Amino acid sequence: MKLGTRLIHSGHDTDPSSGALGVPLIQTSTFDQSAYFADPADGREAPRYDYARSGNPTRNALEEIIAGLEGGKCGYAFGSGIAAVSSALGIFSAGDHIIAAEDIYGGAYRILNTFFRRWGLELTAVDASDPEQIRRSIKSNTKAVYLETPSNPLLKITDLKACITIAKEAGLLVLVDNTFMTPYFQRPIELGADIVLHSATKFLGGHSDVISGLAVTAAKELGKRVYAVQNGFGAVPGPWDVWLVIRGIKTLKVRLETQQATARFLSRRLREHPKVEAVYYPGLEDHPGKAVHDGQSSGAGAVFSFKTRTVEQALGFLGRTKLAAAAVSLGGVETIASYPVRMSHASIPKPERERLGITDTLIRISPGLEDPEDLLEDFEQALA
Ligand SMILES: *Cc1c(COP(=O)(O)O)cnc(C)c1O
């Protein structure tokens, strides 16, 4: 079946006990195991559920849904995207070396460079849009490559197949943060990745009403290692948050298609605006990574960024736009304009930011479901 159908039907069936179409929201911390103990001599298997940190039927439904959509064997849900990232990284040991793209999600870079470094994980940051930099950074203790494409906030493209080939030749695991694309547009496991990570807070949840994260492993053995961290470290989500993500995933296709069309429309129109210096969107014909992106994804996605000509214009835009919230995050039904230098990338020193192209004229847009003409009119008055 096509992904649009699988978004609705995969991972769970009608609830057998009630006939409900929706996944039952099982709000419990523990499960009665007395049936198992009634006759322990009869060799019965231990019950599937014993304690809700270890497993909960609502959470397991989401885990099966995301594993199916990404084409992996095992899925795991977490209390946030960064909890999914940290728990997946928790499979490594002191002395292991990780190669990460330098423009991965700021919070992921921060825990790698602080928390995990303190616990003995070595890190090399590379420009993964040049896969040879990965090859050159491989050492005898290198265990994994961590990638994200398109990157944030400049929508740079990494060639997943080229990077994965280099990693596999050296026997390394490949982790890919697929938050921006979602499995609707891009499935890294089909390209050879081992672990896919998500902030379900963004497009999967889709309504700016929940913080949540997911990890999917291609193989079962690797899944067991991630499960040991999920259960042992315990950064699990509550069933109500999980339920909201399951509901969000049902409408992923219609939201993404609409938001992508709006991103395409706004990026083209803004590019012609006299106060706009540049627009970054993989859907634009002259985006430098377009050919690679089109070869590994089925859509340009629904996030773009642009630079105004002056700082005053950028600040004026954020202050005057009426339809876009000036906020962190993306992928919700409301349009969000974020200002990386004061928000997601504020902790990076200015010279380093400038080197990466993250200037104080840069604004990232995540269009919501508003009418695109209204958004354009609002953006034009905000730039006027
Ligand atoms: C938001 C985000 C994260 C972190 O997710 P949280 O849900 O905020 O913890 C990780 N990766 C990417 C690409 C993100 O956009």
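Predicted model: local features only at pLDDT ≥ 70, side-chain atom pairs only at ≥ 80, totals over all residues.
On the side of domain 1 that touches domain 2, the residues divide into 15 nonpolar, 12 polar and five charged. Here Ala, Val, Leu, Ile, Met, Phe, Trp, Tyr, Cys and Pro count as nonpolar, Asp, Glu, Lys and Arg as charged, and the others, Gly among them, as polar.

Residues are numbered from 1 along each chain as its sequence is written, and side-chain values use heavy atoms, with hydrogens and water left out.

Where do the two domains lie in the chain? Domain 1 covers 3–250 and domain 2 covers 253–383, with bounds from an automatic or database domain assignment. Their centres, taken over C-alpha atoms, are 27 Å apart. The contact (heavy atoms within 4.5 Å) takes 32 residues from domain 1 and 39 residues from domain 2.

The size of an interface is often given as the accessible area lost when the parts come together. The two domains bury about 2900 Å² between them, 61% of it on carbon and sulfur atoms; this is the accessible area (1.4 Å probe) that two parts lose on being put together, summed over both. In domain 1, L154, F185 and F203 lose the most area to domain 2, together 26% of what that side buries.

How many salt bridges are counted between the domains? The count is one, where a salt bridge is a side-chain nitrogen of Lys or Arg within 4 Å of a carboxyl oxygen of Asp or Glu. The side chains of E102 and R355 meet in a salt bridge, at 3.1 Å from N to O.

I turn now to the ligand. A polar side-chain atom of D177 lies 2.6 Å from a ligand nitrogen atom. Ligand oxygen atoms lie 2.8 Å from an N or O atom in the side chain of S199 and 2.6 Å from a polar side-chain atom of T201.

Lastly, the backbone. The peptide bond from T149 to P150 is cis, with omega near -5 degrees, and a cis peptide bond also joins N152 and P153, with omega about 0 degrees.

Methods:
Polar contact = N/O pair within 3.5 Å; in protein donor to acceptor, adjacent residues only side chain to side chain.
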